Amino acid sequence: MVKETSYGKENLPYSYTRHMYENGQIVQSDVYAVAGENMVHMREQFRTYDKNNNLIVLESNELSLFSSSMSYVIENLIKTGFYRIGFGIDGATPEQLQAIQQFLNR
């Protein structure tokens, strides 16, 4: 586990990120914002790797109502060279969409 601290102008911490590792790869990150004396769990991210240690899925979940980001899932579809963000792909040919669907169904 590694703890990353971000500092503001007055050299005070404004957020912490805790990274969890497995086999040398980050598999989970949790972001906490400093709110006065409290810590607010803002975001959690999960990463999935293939057997060659290539990142294939990045899932980010926003946990705070005042976060400026949104939750998402990105999948790297190695065989087609495309990325799937959420549930749609813009500009893919029917053949590419079929290959993507086959990949997702395995």
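Strands E2 and E3 form a hairpin with two residues between them, and Asn23 in its turn has a positive phi of about 55°. The model is a predicted one, in which local features need pLDDT of at least 70 and side-chain atom pairs count only at pLDDT 80 or more, while totals for chains, interfaces and linings use all residues. Residues are numbered from 1 along each chain as its sequence is written, and side-chain values use heavy atoms, with hydrogens and water left out.

**The chain as a whole**

The chain has one helix and seven strands, and from the N terminus on its elements run β-β-β-β-β-β-β-α. Helices (H or I, at least four residues) and strands (E, at least two) are DSSP runs, numbered from the N terminus. Of the 106 residues in the chain, 29% are buried; here buried means under 20% relative accessible area, exposed means over 50%, and partly exposed lies in between (1.4 Å probe, protein chains only). The accessible surface comes to about 7,700 Å², and 52% of it belongs to carbon and sulfur atoms. Those areas come from the Shrake-Rupley method with a 1.4 Å probe, with only the protein chains shown counting as cover for residues. Among contacts between residues at least 6 apart in sequence, 9% join residues at least 24 apart, a contact being heavy atoms within 4.5 Å.

Two strands pair if DSSP finds at least two bridges between them.

| Strands | Sense | Bridges |
|---|---|---|
| E1 (residues 2–7) and E2 (residues 13–22) | antiparallel | six bridges |
| E2 and E3 (residues 25–35) | antiparallel | eight bridges |
| E3 and E4 | antiparallel | eight bridges |

Each of these pairings also has a hairpin turn to look at. Five residues separate E1 from E2, and Asn11 in that turn has a positive phi of about 60°. Between E3 and E4 there are two residues, with Gly36 taking a positive phi near 65°.

Lys3 has Arg18 in E2 as its bridge partner, and Tyr7 stands opposite Pro13 in E2. Moving on to E3, the bridge partner of Tyr16 there is Tyr32, while Glu22 has Gln25 as its partner in E3. For the next pairing, Ala33 stands opposite Val40 in E4.

**Charged side chains**

How many salt bridges does the count come to? There are two salt bridges, each defined by a side-chain nitrogen of Lys or Arg within 4 Å of a carboxyl oxygen of Asp or Glu. One joins Arg18 to Asp30, with the closest N and O atoms 2.8 Å apart. This pair links distant parts of the chain, since Arg18 sits in strand E2 and Asp30 in strand E3, twelve residues apart. Arg18 is partly exposed because its relative accessible area is 29%, whereas Asp30 counts as buried because its relative accessibility is 2%.

In the other salt bridge, the side chains of Glu62 and Arg43 meet at 2.6 Å, N to O. Glu62 lies in strand E5 (residues 55–62) and Arg43 in strand E4 (residues 38–49), so this pair ties together parts that are 19 residues apart in sequence. Glu62 and Arg43 are both buried.

Lys3 also has an aromatic neighbour: it lies over the face of Tyr16, at 4.3 Å from the ring centre. For a charge to sit over a ring, NZ of Lys or CZ of Arg must be within 6 Å of the ring centre and within 35 degrees of the ring normal.

**Two residues worth a visit**

Is Leu12 buried or exposed? Leu12 counts as exposed because its relative accessibility is 51%. Leu12 is found in the loop between E1 and E2. Leaving aside neighbours within four places in sequence, Leu12 is in contact with Ser6 and Tyr7. Leu12 and Val34 are 22 residues apart in sequence and 9.6 Å apart in space, C-alpha to C-alpha.

Glu59 lies in strand E5, and its relative accessible area of 28% makes it partly exposed. Glu59 and Gln28 are 31 residues apart in sequence, yet their C-alpha atoms are 9.5 Å apart in space.
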